[in-house]
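Q: Could you take a close look at a single helix in this model and walk me through how it sits in the rest of the chain?

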Amino acid sequence: MISILPFSPEDYEDAMALWKDSPGIGLSQADSLEAITEFLERNPGLNWVAKLNKQLVGTLLCGYDGRRAYLYHLAVHPEYRRQGIGRALVERCLERLKEMRVEKAHLFVYADNQEAVAFWKATGWYPRPELIIMSFNVS
Ligand SMILES: CC(C)(COP(=O)(O)OP(=O)(O)OC[C@H]1O[C@@H](n2cnc3c(N)ncnc32)[C@H](O)[C@@H]1OP(=O)(O)O)[C@@H](O)C(=O)NCCC(=O)NCCS
């Protein structure tokens, strides 16, 4: 039986192992234990893990910046995909965003990650071809 539970700093090591095994997940300094712990503290109720007994099998991060929400690091262990776990993680996050009266959420997907694009489209998300992402290395 899969449980969807709040993402706690104690889940970090298992989550990082899953992310490192997931080519669709981009990792950076923002994924250090310290940075993730701060992110979780800033965004209560938006970050979730899926567990089968005590085994972590899925993750989702989400942050709200006061204007829009951004989802990151949705990943499900390869052995447990296509069982609705990804959908359940996103639904739990969206429930909280609705309670917070957040109007819109965004996410980033690598353009060649066709499985993820299929997942997001199947769960109601839509691409924004009129937009491009621009970044700046602040520090
Ligand atoms: C994307 C991912 C999280 C989906 O997780 P999942 O638990 O398998 O997804 P679900 O079982 O909830 O799928 C819901 C629906 O999405 C669609 N979908 C999911 N994976 C799909 C795939 N590989 N191909 C086509 N459609 C897919 C289906 O419509 C599915 O419903 P169905 O199984 O009844 O047909 C998972 O494939 C994954 O971890 N990928 C690697 C990490 C990654 O790329 N994350 C995305 C970062 S943006």
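This is a predicted model: local features need pLDDT of at least 70, side-chain atom pairs count only at pLDDT 80 or more; totals for chains, interfaces and linings use all residues.

A: Happy to. From the N terminus on, the elements of the protein chain follow the order β-α-α-β-β-β-α-β-α, which amounts to 4 helices and 5 strands. The radius of gyration is 15 Å, close to the 14 Å that the globule rule gives for 139 residues, so the chain is as compact as a globular protein of that length. Buried residues account for 35% of the 139 residues.

Now to helix α3, which covers residues 85-99. Its 15 residues reach 22 Å from the first C-alpha to the last, close to the 21 Å expected at 1.5 Å a residue. Its buried residues are I85, G86, L89, V90, C93 and L97. Seen down the helix axis, these fall within an arc of 135°, so they line one face of α3. What do they pack against? Their partners are the strands β1 (2-6), β2 (48-52), β3 (55-64), β4 (69-76) and β5 (105-107), along with helix α4 (114-122). On the face turned away from the buried side, α3 carries the exposed residues K98 and E99. Just after the helix, R101 takes a positive phi of about 60°.

Among contacts in the protein chain between residues at least 6 apart in sequence, 60% join residues at least 24 apart.

Methods:
Residues are numbered from 1 along each chain as its sequence is written. Side-chain values use heavy atoms; hydrogens and water are left out. Helices (H or I, at least four residues) and strands (E, at least two) are DSSP runs, numbered from the N terminus. The expected span of a helix is 1.5 Å times one less than its number of residues. Buried means under 20% relative accessible area, exposed over 50%, partly exposed in between (1.4 Å probe, protein chains only). The arc is that of the directions from the helix axis to the C-beta atoms. Contact means heavy atoms within 4.5 Å. The radius of gyration is taken over C-alpha atoms; the globule rule is 2.2 Å times the number of residues to the power 0.38.
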